[in-house]
Amino acid sequence: MKQKKVAIFFIEGYGIKNLTQAKFWLANFPELIAMAEIKPFFVEATPNIGSPDFWQTLVEKIQKEWIKYDGFVVFHPADSIIYTSSAVSFGVAEPNKPIVFTGVFGVGGGKTRKPSRQNNLEELSSRANLINAIQVATMDIAEVALISGNRLIRAVRAERSADQTLNAFESDDEGLLGKIDFSIHILPQAKKRIKKNPHFSPHFEKNIAVIDIFPGFSAKNIPALVKGKRGALILVRDASLISETADLFKKNNLPIAVFHIKNNISPRLYDDIIASGIFTIEAALTKFMWALGRKKSALQDVRLIFSQNIAGERYEKGGRL
């Protein structure tokens, strides 16, 4: 049986500063030869790894190699991995093969350091994560996913785990795609490979405001916060301020507002705002930036995009969010 081909994109960090170092580190994993034909790539963390410009660069690099490989692994620094993987979930919409994000998680807190061969917890974790990610990249799954410890999670449903374990991420049941014990068990909700190629759309709008509406916040501050911006993502933690905030946007003809909330809102507000219907803030933010980046956007354009469940990101159990 012909071996599957897997591309590994090493993002600058964890002591890996160039392709030579990435290849040296991969040489410590002789077992990978039996799993797949591996091709490493190196991606500099410039522009800043947490920026829309970086997400665009990564999507474009994946697109360039798409037809050559059966699956992709992205070895990414821990701090912003959920944002990057969520962005790629929209930038590579409806993938027909897996893109698996992983990295070094655990005791080191994601801090950059030089790789070693020491048998410490972090090194063992990174070794297991990389091996499992490559195995998933050869399987019948078509998702952008995160792998850590014994969990495979849909990227747009991932949240940081509060527990200090090897499972760096957690998710609701629909976002859990697989479990790992002595082998990898892919769960029924994971999408399977298809022949149709994905839609690549790597552009993200970075000129937006993110505003946290908390008890005691004055909506009168909003015009100054959104001045010159193309849109605003509002995180509503005090539901009593939704109406006042929406009215202020409408009165002043301010940019598009997407509200990231988990409680019901008054139907009278539906025409003036977009309630995101998104479970994680990372998915809400990256989808909003992506929606604005691909449309020179009227409110109805962004509303239509947010009504679509593009990467399995919408969390609608129990009613409208």
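Are Phe 9 and Phe 72 buried or exposed? In this predicted model, both Phe 9 and Phe 72 are buried, where buried stands for under 20% relative accessible area, exposed for over 50%, and partly exposed for what lies in between, with a 1.4 Å probe and protein chains only. Residues are numbered from 1 along each chain as its sequence is written, and side-chain values use heavy atoms, without hydrogens and water. Because the model is predicted, local features need pLDDT of at least 70 and side-chain atom pairs count only at pLDDT 80 or more, whereas totals for chains, interfaces and linings use all residues.

The structure holds 14 aromatic pairs, a pair being two rings of Phe, Tyr or Trp (its six-membered ring) with centres within 6.5 Å, counted as stacked if the planes are under 30 degrees apart, edge-to-face if over 60, and tilted otherwise. One of them is the stacked pair of Phe 9 and Phe 72, at 6.2 Å centre to centre and 25° between the planes. This pair links strand β1 (residues 5–11), which holds Phe 9, with strand β3 (residues 71–75), which holds Phe 72, across 63 residues; helices (H or I, at least four residues) and strands (E, at least two) are DSSP runs numbered from the N terminus.

The pair of Phe 10 and Trp 25 is edge-to-face, because the planes stand at 80° with the ring centres 6.2 Å apart. Since Phe 10 belongs to strand β1 and Trp 25 to helix α1 (residues 19–26), this pair ties together parts 15 residues apart in sequence. Phe 10 counts as buried at 0% relative accessibility, and Trp 25 likewise counts as buried, at 2%.
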